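Subject: A structure for you to look at

Hi,

Here is the structure I promised to pass on. Have a look at it first, and then read my notes below.

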Amino acid sequence: MTSAPLDKGLPLKRSRLSHTATYWLVFGAVLALLVAAPLVLPVFWSGFLTEILIWGLLAMSSDLLIGYTGIVSFGHSAFFGLGMYGAAAALLLVSPPNLWLAIVFGLVGAAGAALCVAYFSTRIRDIYFAIATLIFAQIFYVIIFTWTSVTGGENGLIFDQPHFAIPFIVNVPFHTATMHWFVLAVVTASYLTLRRITQSPFGMVLQSIRENEARTRAIGYPVERYKIVSVMISGLFAGLAGALYAIQKEFAAPDFVYFLTSGETVIYNLIGGVGTLVGPIVGAGFFQLLRQFMAQWFGDQFPYLIPLGLVFIAMIIFLPQGLLGFARRWLNK
Amino acid sequence: MASIGQFLHSIPVDLLIIQTINGIVTGMILALVASGLTLIFGIMDVVNFAHGELFMLGAYMGVVAFAMTGNFWLALALAALIIGIFGAALQIVTLRPLIGRSPLNTILATFGISLVLQNYALWQFGPVARKMAEPISAEFTLFYLQYPWYRIVIALLSGAIISALWLFLKFNRYGVWIRATTQDRVMAQAMGIPVPLVYTGVFGLGAAMAAVSGVLFAPFGGVDSSMGLQWVLEAFIVVVVGGMGNLGGSIVAAIFISLLEAYAAVWLDPSQAVIASFVVLILTLLFRPTGLFAAPK
């Protein structure tokens, strides 16, 4: 579409590159840095970066709800956890363990949880939605924690890492760098998909629900159905993050289904900046790095959530758009 | 018919009666927690995530004050006073700057507060649960149990506090301020009521009530840093089932939910009995999203 005549009348200093070109240049540069990271970084930090990407994916999935549909989910630990236990099921039941099957199982598990949460919680608005998702996540936590014979209860499940396998072409075990590249590929693909979704007509409707739900309904959009689909999509990506985490760490534990994971997901979003998709990844990185540094400086037992919680409260009061909030419009253009 | 008779015989009547009393006692404490929560929501539209943490800190304050003074009732009053002032300070520092922003901002801020307080308690008091002696050691015989009178006293005391709150809201000058602000804050301000001060006062009052319930609960549950989340979840369920901002509804709902969980615990593991109240919540959200006991507007 050619730009409207209004744009031409503004003799502003425009950058020589178009917005699209700049965007993809920056995107490529960041991606290149992330690809090169495991070649430069020591093994520990490389694995750490992989973990940040996975948390970032979880946070990004939640951003679809917080930043675009305008509803806050406190139940993302359920999707993440079901993805994790789904992957665990595939890795334990099928031998030899298959990477793709683990991801598919994880997605199926998360989709089940998401369907349930979406169907019930989207009937209610604002705060009630947040409370309902929180309680749903807690139901899943209680079930996973007490159903010891299947889920291993408090101890969780331990399994072997699958090989990276494409049938007839390649079958190699993962090591730190290849795992990083694999996760990076999945997260990048997810980012591009989510970005496409938010820019599609469907995403526009979601944003219009965020801006004015009553008006969107009055125009004739079935708001509940749009919300259900957005919760489902969000849950699927959260489940993908859970499956990746299970594959990277080779275990599944009920701690990750606990409310704290959902809470931290919301914190990543708020710190990084909602409605930007990449902001939550930055937020996750910021949070995990601070946590790691505090553990190194003050010991493992240091209650890192006290200073991080204070930072979080201060950010809500003084910087509600988050670290990348300034770039929000640019990123969504 | 025989099978029905068998089933009726298999119901442990004595156990059910014990669980009824247990349910009512827990329900009264829960009602005290939930009425603070619903009061804060009704007046400020703030869902206070940190309410469970105020409950937990109140219990810890009670344990500490009890160890220092040796008098349970003095410890109760001290804990209520300290946590009440603390709550008011918390409101001034963190929530007052957020007035006028989206309610989601305030829920996130109180969530941050709850994280900080919970981890502070864990860091300060350690992971081992603290015990507290019951101030009244007399017991009466209930079937095969020696049932402590203390629990009955708790239920009565909670009822008395809630009644006092109701009378305060109904007849006291400041209670009328609170009700006026709940109904129409702009008009209340225009009539000369210092609305920001009322906000702070109500938050402090709610915090003090949470602290009282925490101290009352401490002797029979033990005190640890994670108890807050469990209680705030139950209180959320109660407040939603009873109707947000509806004081009477949340008291009825608190007793209803606690009885239900107590009966469920006869047949289920206590950790799974929680699911019963989750189910009630989901059904409420499906069929009466404004709450089971909400007055039609």
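First, some housekeeping. This is a predicted model, where local features need pLDDT of at least 70, side-chain atom pairs count only at pLDDT 80 or more, and totals for chains, interfaces and linings use all residues. Residues are numbered from 1 along each chain as its sequence is written, while chains are lettered from A and ligands numbered from 1 in the order in which they are written.

How confident is the predictor? pLDDT is its confidence in each residue, from 0 to 100. Chain A has a mean pLDDT of 86, with 95% of its residues at 70 or more. For chain B the mean is 85, and 95% of its residues reach 70 or more. The model scores ipTM 0.81 and pTM 0.85. Take care with residues 1–9 of chain A, where pLDDT stays under 50. Where pLDDT is low, the predicted coordinates should not be read in detail. In chain B, helix H1 (residues 2–10) has the lowest mean pLDDT of the elements, 67, and helix H4 (residues 72–95) has the highest, 92. Helices (H or I, at least four residues) and strands (E, at least two) are DSSP runs, numbered from the N terminus.

Now to where the chains meet. In total, 29 residues of chain A are in contact with 35 residues of chain B (contact means that two C-beta atoms, placed from the backbone, lie within 7 Å). On the chain A side, H6(A) gives the largest share, eleven residues. By class, that side of chain A has 23 nonpolar, four polar and two charged residues. Here Ala, Val, Leu, Ile, Met, Phe, Trp, Tyr, Cys and Pro count as nonpolar, Asp, Glu, Lys and Arg as charged, and the others, Gly among them, as polar.

Next, the largest nonpolar core. A nonpolar core is a set of buried Ala, Val, Leu, Ile, Met, Phe, Trp, Tyr and Cys residues joined through C-beta atoms within 7 Å. A residue is buried if 20 or more other C-beta atoms lie within 10 Å of its own, exposed if 12 or fewer, and partly exposed in between, with C-beta atoms placed from the backbone. Of the 188 residues in this core, Ala87(A) and Ala211(B) touch the most other members. Helix H9 (residues 195–221) of chain B supplies the largest share, 15 residues. Beyond four places in sequence, the contacts of Ala211(B) include Leu54(B), Ala79(B) and Ile83(B).

Back in chain A, the axes of helix H12 (residues 259–272) and helix H13 (residues 278–298) come within 7 Å and cross at roughly 110°. So H12(A) is roughly perpendicular to H13(A) (that word covers 65 to 115 degrees; under 35 is roughly parallel, over 145 roughly antiparallel and the rest oblique). Leu277(A) lies in the loop between H12 and H13 of chain A. Its phi is near 65°, a positive value in a residue other than glycine. Is Leu277(A) buried or exposed? Leu277(A) is buried, because 28 other C-beta atoms lie within 10 Å.

Glu250(A) also has a positive phi, near 60°. Glu250(A) is partly exposed, with 14 other C-beta atoms within 10 Å.

Enjoy exploring!

Key: Axes are lines fitted to C-alpha atoms, for helices over the stretch in contact, and angles run from 0 to 180 degrees between N-to-C directions. pLDDT is the predictor's confidence in each residue, from 0 to 100.
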